[in-house]
Amino acid sequence: MFGRTVDKIRLHQAGLLPAYYNFGHGLDVRLCRYLKIDYKRLCHRVSEGGGDEDILQWCYQNGRKPDEEDIFVFNAFMEKRGWRDDVSHWVNEQKQKMGCPDRADIQTAFDVHDFDEHRK
């Protein structure tokens, strides 16, 4: 998820992020809160260059570095985001917009992103 967030920031800064993308909200901001990094500071750091690993290390130094248990809990939470929770309506809205309202296999925010970005 971190790499996807950084990629979106880079695309936005290059003027290549599609207008319909949720930039600086949702999962991106949740990730920043988890790392205790302000989203705008992350954007500024990305604009300075460097690889994903360099930027992640910067986040650890300027925010927090989660331990293995924190990472496990966060990943488990994020993998289920949109499945029977307060984001379920968003998942259904996105399925409508993408023309696949009957796709039972799209149940989470990650499923929406994978479908939209042609991953599986």
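The second largest pocket of this predicted model has a volume of about 250 Å³. Here a pocket is an open set of points on a 1 Å grid over the protein atoms alone, with protein on both sides within 12 Å along at least five of seven lines, and a volume is the space filled by probe spheres set on the points. Its lining counts 14 residues, and Phe2, Leu31, Tyr34, Phe74 and Asn75 lie nearest the centre; lining residues have an atom within 4 Å of a point. Helix 2, helix 4 (52-62) and helix 5 (68-79) each give two or more residues to this lining, with helix 5 giving the most, 5 residues. Helices are DSSP runs (H or I, at least four residues) numbered from the N terminus. By class, the lining has 12 nonpolar, 1 polar and 1 charged residues, where Ala, Val, Leu, Ile, Met, Phe, Trp, Tyr, Cys and Pro count as nonpolar, Asp, Glu, Lys and Arg as charged, and the others, Gly among them, as polar.

Turning to the largest pocket, about 490 Å³ of space lies in it. Among its 21 lining residues, Asn22, Trp90, Gln94, Val112 and His113 are the closest to the centre. The classes here are 8 nonpolar, 5 polar and 8 charged residues.

Residues are numbered from 1 along each chain as its sequence is written. Local features need pLDDT of at least 70 and side-chain atom pairs count only at pLDDT 80 or more, while totals for chains, interfaces and linings use all residues, and side-chain values use heavy atoms, with hydrogens and water left out.

Terms used:
1 Å grid on protein atoms, 1.4 Å probe; cavity = no way out; pocket = protein on both sides within 12 Å on 5 of 7 lines; lining within 4 Å.
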